[in-house]
Amino acid sequence: MNDMRKIERDVKMTDTKITARNVNVHYGDTHAIKDVNVDIADKTVTAFIGPSGCGKSTFLRCLNRMNDTIDVCRVQGDIRIDGKDIHDKSVDPVQLRAHVGMVFQKPNPFPKSIYDNIAYGPRIHGLAKSKAELDEIVEKALRRGAIWDEVKDRLTQSGTGLSGGQQQRLCIARAIATEPDILLMDEPCSALDPIATAQVEELIDELHRDYSVIIVTHSMQQAARVSQKTAFFHLGNLVEFGDTDQIFTDPKDPRTESYITGRIG
Amino acid sequence: MTEQTASNKFDWAGPAFKARLNKRKRSQLTLKLLGLGAISIAFGMLFLLVASLVSTGYHAFTQTHIEVEVFLDPEQINADDPNRGNYRQIITDTLVTQFPEVADDRAELRKLTSILSNGAQFSIRDEVVADPDLIGQTVTFKVPVSDPYDQLNKGLMDRETPEEFRRLKNEEIANFDILKERGMVSKPLNTALITNADSRFPELAGLKGAIIGSFYALLTCFLLSFPIGIGAAIYLEEFAPKNKVSDLIEININNLAAVPSVVFGLLALAVFLGWFGMPRSAPFVGGMTLALMTLPTIIIATRASLKAVPPSIREAALGVGASKQQVVFGHVLPLAMPGILTGTIIGLAQALGETAPLLLIGMNAFITSAPATPFDSATALPTQIFIWADSPERGFVSRTSAAILVLLSFLIMMNGIAIFLRQKFQRKW
Ligand SMILES: Nc1ncnc2c1ncn2[C@@H]1O[C@H](COP(=O)(O)OP(=O)(O)OP(=O)(O)O)[C@@H](O)[C@H]1O
Ligand SMILES: [Mg+2]
């Protein structure tokens, strides 16, 4: 099954969605991201890999300005989405986050009903004009999140009553309910069993036809399975970035090689 | 030890291990016993307190009454205005029917009428005013006896005490005993304790004014401190920049929570009464004073509950593009609500029992009618206890304890509500 998908994968030469230039991030005195430059393509799955604490989550959170919410965090450098500087004064970070969706490492459904979990985003952004339209959005998101069949009979029950894997798929459905163009996923499968992982990977595979997906993962196999591009981070540096096949079969940097062969980590 | 390192193996059954195991078990047992001891002491004290209150206070939950057949003499009552009538005479006449032999002896008559409470005439008057058709009829009334006879009937006055040291003379006791023999004396539940306002006469004194005064004061306190406290806490916790100024404010609020309540009373006296000329003894002003004290408690409780909301929920909401304000009001505040409510109720319970600041703004006045609005003079439960504890009449001894029991039951009720709310709204995530 995995191999099949690997064969299916086609590296499309599409436009650049995100460009990052000389990005530096400090948490107080900790220099977490050091001079990172990267171009992330549209309608592609990009995997961020690297040892724990190397700054993958930090860099991911720069892309939807989630780091703004951390007091001690300072982000420097130029990040553009569709050519527009996201740190520009005219960009509202709240608006930005509505179309750069995020799925967190730990499932974090709202302690509200399953329906309200999904409907929350569309509601605050006024995406639905009527209840029927909202119902439709909720159903579509839950279907794409591969969880509709499990929850369709209990939409009014609390989202926190689901299993860990179901919660994570609910969070994914919540993130795509607002139809973002970019989906950031921070280790979305770390709480999932192999079956749910396969479902999420299938979902990612489907999503990348419309969105740009960035996924942080600790699983080499997962990166190899789902992504077209891979970025390897080490101690805050972006060591190597390229086609997934190339990174895994022919790494240019010795650090990348030792990581993917299991010598750093 | 050397053997063990030599063989590089720990002897899990050796004597050294057993000794350590026993030591650990012993210290754990000691700790448990100390804990049990501490709890028993705490409970013992509580038990003593309640037991002593109940043993003196239970007398106040009944009140001796005498059932008398009263002829509502039309000659003594103005039929057009039943408010005006010589009800005192009517009562005297009524008692004379029981003791016809004293009819002409003024001194004896006075002794006789002293059996009944001073309020008896007023309760009869009130009945007649309510239903003027009663004039001319003979009606059975149950009227309270005055305090000394109540004490006598409850066995609180020792008949063996030499007459000159006793409040009731032998003759008076004899009169009462005759009424008792005739089956006219009863000891029903003392509803006046709740339905009457304060009075000079213990048998008529009740807590109505104090309960309503406390209610108005707490209501004012709640309406002021709850929104202001939550607003301040939300701002400090969620929106204020974290710098030296906010640190200073934080320290000040924590200090404010520890300021003795009498200081707030002095402040209220100087500012609310002195500068703004607000009315003395008004529950509204009392509530404002209590709000000063409750505010820091609510702010601290609210901030703690806001802090306790897991950051993952905030991130989730921010992640779908909610603004800071939407995150706080849509997600964080609802989740923090049980903690906030618990903190608020505990703060209000503290305020309910607070005496010193209310004394300073004059809520210990002698007021014989319940307040109709929060701006009328009134007492509060703790100040009423203070007043009664200070009164010389014997009857107030048991009433003080009874009032404390009433206050304690309100406190228990409020804490019960706090626990209920906490359990009901506690959510897991
Ligand atoms: N909120 C924070 N405050 C201070 N330092 C932080 C904070 N978050 C991350 N860091 C630091 O930044 C560095 C990068 O952290 P980051 O979370 O990006 O690592 P990561 O690559 O996602 O690791 P993992 O794979 O374990 O999730 C670490 O050294 C970490 O200690
Ligand atoms: Mg991480």
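**A buried ring and its surroundings**

Guide: A:Phe59 counts as buried because its relative accessible area is 1%; buried means under 20%, exposed over 50% and partly exposed in between, with a 1.4 Å probe and protein chains only. The model is predicted, with local features requiring pLDDT of at least 70, side-chain atom pairs counting only at pLDDT 80 or more, and totals for chains, interfaces and linings using all residues; side-chain values rest on heavy atoms, without hydrogens or water. Residues are numbered from 1 along each chain as its sequence is written, while chains are lettered from A and ligands numbered from 1 in the order of writing.

The ring of A:Phe59 belongs to an aromatic pair. Rings of Phe, Tyr and Trp (its six-membered ring) pair if their centres lie within 6.5 Å; planes under 30 degrees apart are stacked, those over 60 edge-to-face, and the rest tilted. A:Phe48 and A:Phe59 have ring centres 5.7 Å apart and planes at 45°, so their pair is tilted. This pair links distant parts of the chain: A:Phe48 lies in strand β3 (residues 45-49) of chain A and A:Phe59 in helix α2 of chain A, eleven residues apart. Helices (H or I, at least four residues) and strands (E, at least two) are DSSP runs numbered from the N terminus. A:Phe48 is also buried, because its relative accessibility is 0%. In chain B, B:Phe215 and B:Tyr216 form a tilted pair at 6.0 Å centre to centre, with 50° between the planes. In chain A, ring pairs join A:Phe48, A:Phe59 and A:Phe233 into a cluster.

The loop between β3 and α2 of chain A holds A:Gly50. At 0% relative accessibility, A:Gly50 is buried. With contact taken as heavy atoms within 4.5 Å, and leaving aside residues up to four places away in sequence, A:Gly50 touches A:Lys56, A:His218, A:Phe232, A:Phe233 and A:Tyr259. The C-alpha atoms of A:Gly50 and A:Asn237 are 10.0 Å apart, although 187 residues separate them in sequence.

A residue is near a molecule if one of its heavy atoms lies within 4 Å of it. Ligand 1 is surrounded by 13 residues, the closest being A:Ser52, A:Lys56, A:Ser57, A:Thr58 and A:His218. Helix α2 (residues 56-63) of chain A gives the largest share of this shell, three residues. By class, the shell contains four nonpolar, seven polar and two charged residues; Ala, Val, Leu, Ile, Met, Phe, Trp, Tyr, Cys and Pro count as nonpolar, Asp, Glu, Lys and Arg as charged, and the others, Gly among them, as polar.

For polar contacts, the criterion is a pair of N or O atoms within 3.5 Å; within protein, one must be able to donate a hydrogen and the other to accept it, and residues adjacent in sequence count only if both atoms are side-chain atoms. The side chain of A:His218 places an N or O atom 2.7 Å from an oxygen atom of ligand 1. A polar backbone atom of A:Gly55 is 3.0 Å from a ligand 1 oxygen, and a polar side-chain atom of A:Glu187 is 3.4 Å from an oxygen of ligand 1. The protein covers 64% of the 630 Å² of accessible area that ligand 1 has on its own, by the Shrake-Rupley method with a 1.4 Å probe.

Beyond α2, the loop between α2 and β4 (73-81) of chain A contains A:Arg65. A:Arg65 has a positive phi near 55°, in a residue other than glycine. Most residues other than glycine have a negative phi. A:Arg65 is buried at 13% relative accessible area. A:Ala146, in the loop between α5 and α6 of chain A, also has a positive phi, near 55°. A:Ala146 counts as partly exposed because its relative accessibility is 27%.

Further along chain A, helix α4 (residues 114-124) is mostly covered, with eight of its eleven residues buried. Among these are A:Ile114, A:Tyr115 and A:Pro122. The buried residues of α4(A) pack against α5 (131-144), α6 (148-151) and α7 (164-176) of chain A, together with α14 (324-353) of chain B.
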